[in-house]
Amino acid sequence: MKKYNYENLKDDEHVVPSLGILPLEISEDYNYIPKNIIFNLISDILIIPIALILTIIAKIFLGFKILDKENLVKGRSSVTISNHVHYIDCALIGLINFPERTYFPTIEENFKIPFIRHLIKMLHAIPIPKTKIGKEKFYSDIIEELENKEVVLHMYPEGSLWPYYEKVRDFKYGAFKIASLANAPVVPIKFVLEKPKGIYKLYKRKKCLHAYILPAIYPNENLDIKDRIADLKEKTERIMKES
């Protein structure tokens with residue numbers, strides 16, 4: 001495993017180099033939530049065998065375990081958030097939320113990687129635009145989907161991947177803005193690296209990856225929108241850091 005030096009870095013600084021080499025242009029009318037029925041059907045079907053295979057791989061090689069799954073919100077849309085500590089933890093989030101459809105906003109650079117760009121789009125990844133107009137439509141499309149469908153949006157409020165980092169970093173506001181505007185609960189998911197136990201002690205040198213699902217936190221509708229977003233962010237960040 002490659003060692004990273006996390007000292008003296010900004011909390012959202014990228015330490016994993018991008019593999020994106022292809023051009024990408026996100027138009028002002030880009031559909032962040034695909035509306036094509038055939039595309040969505042194929043995508044939902046494709047996820048089933050991937051989920052089965054990934055469950056086996058994650059269990060054997062990562063010692064992956066999901067705890068307190070009863071804290072997931074059922075019957076309405078929600079926003080799940082987590083710390084970002086593994087190259088495939090977005091796929092593991094998909095397993096946690098399965099069979100609910102989960103959308104994954106991700107940096108534009110991931111949509112510049114050959115082949116991967118098509119796979120992640122099929123698995124409901126969404127490019128995060130960099131322009132003001134693009135961001136306005138990005139928020140609008142996602143909020144509309146959360147309000148009208150029973151889906152899950154997953155975001156990494158830390159902003160970047162720090163492999164095998166064991167602390168929770170400071171959060172950005174994006175996930176909490178979306179949750180507040182859509183009046184959707186936030187479900188914190190904390191990835192924790194734990195020493196191998198039982199059969200894993202026989203062959204694993206690295207720590208096992210466990211996902212703890214914490215109780216949902218709801219936007220406080222008694223506050224104005226600016227304070228509501230800040231309150232939701234602060235509560236979620238505190239709970240993630242203290243748990």
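Reader: Which residue lies over the face of Y173, and at what distance from the ring centre?
Author: Happy to start there, with a note that this is a predicted model, in which local features need pLDDT of at least 70, side-chain atom pairs count only at pLDDT 80 or more, and totals for chains, interfaces and linings use all residues. Residues are numbered from 1 along each chain as its sequence is written, and side-chain values use heavy atoms, with hydrogens and water left out. A charge sits over a ring if NZ of Lys or CZ of Arg is within 6 Å of the ring centre and within 35 degrees of the ring normal. Over the face of Y173 lies K233, at 4.9 Å from the ring centre.

Reader: Which residue forms a salt bridge with K233, and which network do shared partners make?
Author: A salt bridge is a side-chain nitrogen of Lys or Arg within 4 Å of a carboxyl oxygen of Asp or Glu. K233 pairs with E237, their closest N and O atoms being 3.1 Å apart, and both lie in helix α6, 4 residues apart. Salt bridges that share partners join one network: D170, K233, E237 and K241.

Reader: Is D231 buried or exposed?
Author: D231 meets K235 in a salt bridge of 3.3 Å, N to O. Buried means under 20% relative accessible area, exposed over 50%, and partly exposed in between (1.4 Å probe, protein chains only). K235, at 30%, counts as partly exposed. D231 has a relative accessible area of 18%, so D231 is buried.

Reader: How are the rings of W162 and Y165 arranged?
Author: Rings of Phe, Tyr and Trp (its six-membered ring) pair if their centres lie within 6.5 Å; planes under 30 degrees apart count as stacked, over 60 as edge-to-face and the rest as tilted. The structure holds 9 aromatic pairs. In this one the centres are 5.0 Å apart and the planes are at 85 degrees, so the arrangement is edge-to-face.

Reader: And why does the pair of Y200 and Y203 count as tilted?
Author: Y200 is buried, at 15% relative accessible area, while Y203 is partly exposed, at 42%. Their ring centres are 6.0 Å apart, and the pair is tilted because the planes stand at 50 degrees.

Reader: Which charged residue sits over the ring of W162?
Author: W162 is buried, with a relative accessible area of 1%. Ring pairs link W162 with Y4, Y6 and Y165 into a cluster. The charged end over the ring of W162, 4.3 Å from its centre, belongs to R169.

Technical notes: Helix = DSSP H or I, 4+ residues; strand = E, 2+ residues; numbered from the N terminus.
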